[in-house]
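This report describes one protein chain for a reader who has not seen it before.

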Amino acid sequence: MLALVLLIATTPPLVDVAPLDPRWRLDIRYATKDNFFGRRVYPAARCLLRPSVAQRMKRAQAWLDAHHPGLRLLFKDCYRPHSVQFVLWNAVKGTPKSRYVANPHGRTGSIHSYGAAVDLTLADADGRELDMGTAYDHLGPRSQPRFEARYLASGQLTPAQIRNRRRLRRAMRHAGMRGIRNEWWHFNEGTSRTVRRRYRRLDIPFSAVAPRGATNKDQPPGATNKNEPPGARTTAGPASQPYRPRKD
Ligand SMILES: [Zn+2]
């Protein structure tokens, strides 16, 4: 019994996704300056997710293998420490861009901080990204699935671009992930409410999750980021807020 308790206490709540399929690629923009904010805010280019969400990625890939052989997942963003959400928020608050960033002071904050959201696209067998009509993180209406019919009709999105987005959505939907209205690349495991009920918001550093084949004995999984701002500790709020899709 003690061994079981110790195992639970020392098992990180996230898993490293990349080793689960050697075909998958990572392009984690927040580990570079090539992102919405022009600043590097992750110490490493890693995709960490809740184990159940990681399994859903395998299901999505299996669907692609069955229906569109050669296509594979390419990850842009996965778990985001809650303290990083403060960094992003502080960079945009008071500006028009703030409407695209989840407020970390809110009840939910970003679903990415629960390890239950993923930003991703599709790549072909040679690793080339499929044309989705806009770049990842293009913050404009052409990125928004709710306006696709309009842009298709006006010729600003092509049938091939819409088809590629639909393939991504079908794969993710088959795996039990939910898209949102305003970003073709973002998918959640459930609603804000169900995610809050199931998981705790996290602020563990990336280094708390050992890479494939490694152990991590010097960084307890409950450790928090040294740069964590006040009030950014792991929290789990009450479940009463309606689901409001946004840039998170
Ligand atoms: Zn996202």
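## Two crossing helices

The axis of a helix is here a line fitted to C-alpha atoms over the stretch in contact, and angles between axes run from 0 to 180 degrees between N-to-C directions. In this predicted model, the axes of α2 and α5 come within 7 Å and cross at roughly 125°. The crossing of α2 and α5 is right-handed.

On the α2 side, the contact is made by Arg59, Ala60, Trp63 and Leu64. On the α5 side, Ala171, Met172 and His174 take part. Sorted by class, the residues in the contact of α2 with α5 are five nonpolar, one polar and one charged.

## Overall layout

The protein has six helices and seven strands. Read from the N terminus, its elements follow the order α-β-β-β-α-β-α-β-α-α-β-β-α.

The chain of the protein holds 248 residues, and 35% of them are buried. Among contacts in the protein with a separation of 6 or more, 73% join residues 24 or more positions apart.

## The largest nonpolar core

In soluble globular proteins, nonpolar side chains tend to be buried together. The largest nonpolar core here has 40 residues, and those that touch the most other members are Val17, Leu48, Leu49, Phe75, Cys78 and Val118. At least two residues of this core come from each of β3 (48–49), α2 (51–67), β4 (72–77), β5 (117–123) and α5 (159–174). The largest share, five residues, is supplied by α2.

Which residues does cysteine 78 touch, not counting residues up to four places away in sequence? The partners of cysteine 78 are Val17, Cys47, Leu48, Leu49 and Val118.

## Helix α3 and the loop after it

Helix α3 spans residues 82–92. Its buried residues are His82, Ser83, Val84, Gln85, Phe86 and Leu88. Glycine 94 follows α3 and has a positive phi, near 85°.

Serine 110 lies in the loop between α3 and β5. Is serine 110 buried or exposed? Serine 110 is buried, because 27 other C-beta atoms lie within 10 Å. Serine 110 and proline 81 are 29 residues apart along the chain, and their C-alpha atoms are separated by 9.4 Å.

## The loop between β5 and α4

Aspartate 137 is in the loop between β5 and α4 (148–154). Aspartate 137 is not a glycine, yet its phi is positive, about 70°. With 20 C-beta neighbours inside 10 Å, aspartate 137 is classed as buried, because the cut-off for a buried residue is 20 or more.

Leucine 139 is also found in the loop between β5 and α4. Leucine 139 has 16 other C-beta atoms within 10 Å and is therefore partly exposed. Along the chain, leucine 139 and phenylalanine 36 are 103 residues apart, while their C-alpha atoms are separated by 8.5 Å.

## Aspartate 27

Aspartate 27 is placed in the loop between β2 (25–26) and β3. Because aspartate 27 has 19 C-beta neighbours inside 10 Å, it counts as partly exposed.

Where sequence neighbours within four places are left aside, aspartate 27 is in contact with Leu74 and Lys76. Phenylalanine 75 is 48 residues from aspartate 27 in sequence, and the two are 6.0 Å apart in space, C-alpha to C-alpha. Phe75 is also one of the residues that touch the most other members of the largest nonpolar core.

Key:
Residues numbered from 1 in each chain as written. Predicted model: local features only at pLDDT ≥ 70, side-chain atom pairs only at ≥ 80, totals over all residues. Core = buried A, V, L, I, M, F, W, Y, C linked by C-beta atoms within 7 Å. Buried ≥ 20, exposed ≤ 12 C-beta atoms within 10 Å, placed from the backbone. Helix = DSSP H or I, 4+ residues; strand = E, 2+ residues; numbered from the N terminus. Contact = placed C-beta atoms within 7 Å. Left-handed = near helix turned anticlockwise from the far one by under 90°. Nonpolar A, V, L, I, M, F, W, Y, C, P; charged D, E, K, R; others polar.
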